[in-house]
Amino acid sequence: MKKILVLLLLAVVGFYLAGTFFDIGFGNSHFVKNDAIKPVKDIYLQQTVQELKVSNAVTSIVVNFRGFDTLGEVTVLFLSVTALGSILYKKRHHVGERSVLFSASSIVTSGSKLLFPAIVLLGAYVFIHGHLSPGGGFQGGVIIATGFLLMLLAYENYSVSHNGLSIVESLAGITFVGVGLLGFMNGGTFLQNFLPTGELNNLFSGGIIPIIYIAVGFKVAAELTGVIYTVLNEKGEQNG
Amino acid sequence: MIALILILVLLVLMIAASVYAVRQKDLLYAVIATGIISLILSILFYLLQAPDVALTEAAIGVALTTIIFVITIRNTERMEVENDKKNNTKSAAK
């Protein structure tokens, strides 16, 4: 009885799906049936420059037109970091100190100290200028995380505050969702732009796009730094 | 034309590095080879006019993934061992 019901349900769903797909002629684009309707890529490219005043088309698609997908991506990263932390959490208590095979030489330590601010600055530049130049929140966040990685490798006692990381990450996530919810203010939709868009190629342009990308940058940097710190402090059984 | 030749050379290098990474028994060398694959891939992305993806690939593929694999190798075993061989050596040790 149950199987017949499932088959019936599948048949009904399949019938309507097939009906929808057969409406589109084979080999025709769904969007250019008549010349009056533009393909979606043209609309994106036109709106990017004319309405949003963003010079990087990738950023305007990732944060504005497909902003909800970006929220999903950030959630995926958050969930995987949480899973990693929960798996490695058990052992952390009776390990304590990080296992060090040999300490880094003075060249490595002073070089890291010199490079660390430059790397963090580069990361911040990449995510603040996400709407003007290539790059964005994810890239900038990863670059900052590599800076912290360098410090963690060079200094045995260098430690990152887990509470600080979680506060930064939560605040960034709240900013993202909060800015998205503010889009409802003027009767719009989630993540709709509500700020003045400004001039093309200016730093303060693009409405909510820079705010969201800065939030994403902080979130990714905090999450990945947490991952590296957790994995580095995990001491396995040393073989030989 | 020069760009095409450069892209072809890079692709051949990428394939060579991938084969090396698969064949190599020392996992540390294999991880370095995968890092080289990511590096060449990011150069290719840059040549194909996708600088956003090139930045992501360079930061994640070359730096983060390689380092996390290296840390994992340090905490586990460095050499790749065949399954039956491993069992033999363990039973011999007992």
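Here is a short chat about reading the helices and the chain contacts of a predicted model.

User: What should I know before I start?

Analyst: This is a predicted model, where local features need pLDDT of at least 70 and side-chain atom pairs count only at pLDDT 80 or more, while totals for chains, interfaces and linings use all residues. Residues are numbered from 1 along each chain as its sequence is written, and chains are lettered from A in the order in which they are written.

User: How many helices and strands does chain B have?

Analyst: Helices (H or I, at least four residues) and strands (E, at least two) are DSSP runs, numbered from the N terminus. Chain B has four helices and zero strands, giving the pattern α-α-α-α along the sequence.

User: Is α1(A) buried or in the open?

Analyst: A residue is buried if 20 or more other C-beta atoms, placed from the backbone, lie within 10 Å of its own. In α1(A), the number buried is zero out of 22 residues, so this helix lies largely in the open. In chain B, buried residues make up 18% of the 94 residues.

User: And how many residues are in contact between chains A and B?

Analyst: Contact means that the C-beta atoms of two residues, placed from the backbone, lie within 7 Å. Here 19 residues of chain A are in contact with 14 residues of chain B. On the chain A side, α6 (137-154) and α8 (209-232) each give two or more residues, and α6(A) gives the largest share, seven residues.

Note on methods. A residue is buried if 20 or more other C-beta atoms lie within 10 Å of its own, exposed if 12 or fewer, and partly exposed in between; C-beta atoms are placed from the backbone.
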